[in-house]
Amino acid sequence: MSPTPPPRAAAVAKYLVVGYTGFLIVLLLGVLFQPGVLLLRDMAVLRHLALHAGAVGFGDLPARNAPQDGLLALVGMVIPASWFVRILLVGSAAVGAWGAATLATPAGRNSVAFRQVAAITVTVWNPFVVERLLQGQWSVAMVAWLLPAVVACRTHPAWQVATVWVCSLTPTGGFVALIVALVSACRRRFVAVFGTLCLLPWLVPSVIAPPTSAGTSAFLGRPEELVGTLGAFLGLGGMWNAAAVPASRNVGFAVAGVILAALLVRWIPRRWLVVSAMAVLVFCVLWRWPGLVAHVPGLALFRDSQKLALFLIPSLVMAAGRIGAACPTRLRSGMVSGVVALMAVLQVPDAPVALMALRPLPEPALVREVQAAQPTGDVANMDSAGLVVYAGRTVIDPLYKAVGSVEAGQLVVDGQVVDPASSRYVAARVAWEARDMTQLAKLGVSHVVADGKLIDLHNEPVAHRGGFYAGLGLLAAWLCIPIVAGVVARRR
């Protein structure tokens with residue numbers, strides 16, 4: 001083993017690693033810091049979101065966006081929510097990079113900076129993150145970045161719970177982060193209790209009104225050029241929506257991901273190798289029998305089966321931080337870590353170009369008009385069954401976020417209806433076509449959008465609150481979790 005580098009050299013290496021991390025993050029996310037709001041596919045983050053039943057998980061659709069939308073609605077009362085999301089994304093990438101660097105720093109080892117660079121690159125720059133951002137699933141991308149930090153905080157239970165708490169903005173993220181925390185935690189009972197509490201904002205409404213998920217292959221992992229379905233998954237790629245995939249993945253660059261996985265598998269710690277193997281097994285089972293989603297409780301969380309790749313990320317990051325440790329010389333260690341970083345980048349070399357699709361857009365005029373009208377009831381958009389086209393982009397109807405709405409939620413993939421419209425939306429459409437204002441009032445509708453125009457029905461809609469106050473209480477309790485966890489940890 002070569003001698004430990006002098007303090008000055010270590011400080012220079014540290015600053016270089018920090019600078020490298022900042023460079024990667026700016027390359028990927030720099031496009032976000034332009035005027036406008038975030039509108040792309042599943043992402044509709046306006047300046048100010050409404051705090052309504054759907055935002056807290058008790059709307060017309062399954063609670064897939066709780067507590068995320070509720071938090072953004074509260075934040076939007078103080079600062080523009082779209083800028084808050086930008087800060088969250090950059091902060092998550094930075095915290096994830098810190099976690100990766102920490103995992104690559106075992107005591108008494110030399111050439112740490114090279115291994116930190118490799119681990120950081122695997123964390124920050126990978127196909128999973130890029131594809132999820134292009135799909136508009138920004139909170140899932142945050143989870144992918146934060147998982148190394150969940151592991152790195154294993155000896156600090158309160159901080160580990162806080163990281164799981166941030167991941168729980170989205171249901172899948174909270175579940176995956178909790179499993180990762182339990183595998184790595186030094187105080188599993190503490191983490192299990194508070195981590196489970198983090199899941200309640202979506203778990204409670206899901207138990208009260210269970211989502212119906214048909215067994216469909218529409219959301220399964222997709223094969224990519226030269227590597228097939230399983231190879232794409234091992235390389236953290238292969239998301240179901242081919243339109244949200246960088247061009248490089250369709251011309252063979254996915255091979256770099258398979259090479260990277262082959263290089264790192266030898267260095268994955270044993271327990272994480274088991275976790276990764278289980279994720280691959282479940283992915284293959286869903287690939288072979290997609291109908292299980294409709295029959296196994298909880299499996300609908302992974303009907304988009306590529307999300308199982310989240311379980312591979314901590315394993316790959318830890319392996320990237322260890323692979324150069326056994327090299328006899330610093331030069332050889334640097335070469336090995338450099339190859340790992342290069343393969344990570346080559347998986348998706350056009351990531352910055354692809355992510356230009358995230359460029360913010362001006363807030364839609366219809367959104368401003370509807371918000372200015374201050375509807376006394378919900379708004380039913382007859383021009384949309386869930387998705388709209390704005391500035392050439394397909395995006396979830398922004399009205400769902402802007403005001404209380406009759407949410408349709410219909411999703412069509414390759415001409416197949418995989419998510420039917422909600423029953424209240426169907427009833428509202430039938431009533432509107434019959435011009436039955438009494439029925440619309442009973443459905444809680446005060447305004448209708450038709451042919452691009454906002455129509456005031458001039459009625460007194462029946463309150464359609466559902467479980468709004470229950471959802472608000474769950475949101476308030478969720479906001480307190482990291483504080484309570486910190487107090488309990490300090491007393492113990």
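**Strands, rings and core**

Tutor: Alanine 450 has lysine 453 in β9 as its bridge partner. Helices (H or I, at least four residues) and strands (E, at least two) are DSSP runs, numbered from the N terminus. The model is a predicted one, in which local features need pLDDT of at least 70, side-chain atom pairs count only at pLDDT 80 or more, and totals for chains, interfaces and linings use all residues. Residues are numbered from 1 along each chain as its sequence is written, and side-chain values use heavy atoms, with hydrogens and water left out.

Student: How many bridges join strand β8 to β9?

Tutor: Two strands pair if DSSP finds at least two bridges between them. Here four bridges join β8 (residues 445–450) to β9, and the two run antiparallel.

Student: What is the order of the strands in the open sheet?

Tutor: In a regular strand the side chains alternate between the two faces of the sheet. This open sheet has three strands in the order β3-β8-β9, with mixed pairing. At its edges stand β3 (378–381) and β9 (453–456), each with a single partner strand, so one side of each lacks a neighbour in the sheet. From one strand to the next, the twist averages 25°.

Student: Which helix packs on the sheet?

Tutor: Helix α17 (residues 365–373) packs there, touching β3, β8 and β9. Contact means heavy atoms within 4.5 Å. The direction of α17 makes about 15° with that of β9; axes are lines fitted to C-alpha atoms, for helices over the stretch in contact, and angles run from 0 to 180 degrees between N-to-C directions.

Student: Which strands form a hairpin?

Tutor: β4 and β5 do, with two residues between them. Alanine 391, in the turn, has a positive phi of about 55°. Four bridges join β4 (residues 387–390) to β5 (residues 393–396) in antiparallel fashion, and valine 388 has valine 395 as its bridge partner in β5.

Student: How is a pair of aromatic rings described?

Tutor: It is described by the distance of the centres and the angle of the planes. Rings of Phe, Tyr and Trp (its six-membered ring) pair if their centres lie within 6.5 Å; planes under 30 degrees apart count as stacked, over 60 as edge-to-face and the rest as tilted. By this rule there are nine aromatic pairs. In one of them, phenylalanine 175 and phenylalanine 302 have ring centres 5.9 Å apart and planes at 65°, so the pair is edge-to-face. Phenylalanine 175 lies in helix α8 (residues 171–184) and phenylalanine 302 in the loop between α13 (270–288) and α14 (312–322), so the pair ties together parts 127 residues apart in sequence.

Student: Are these two residues buried or exposed?

Tutor: Buried means under 20% relative accessible area, exposed over 50%, and partly exposed in between (1.4 Å probe, protein chains only). Phenylalanine 175 is partly exposed at 30%, whereas phenylalanine 302 is buried at 6%.

Student: Which residues have the most contacts inside the largest nonpolar core?

Tutor: In soluble globular proteins, nonpolar side chains tend to be buried together. A nonpolar core is a set of buried Ala, Val, Leu, Ile, Met, Phe, Trp, Tyr and Cys residues joined through side-chain atoms within 4.5 Å. The largest one here has 155 residues, and Leu89, Leu133 and Trp138 have the most contacts inside it. Helix α6 (residues 138–152) supplies the largest share of this core, 12 residues.
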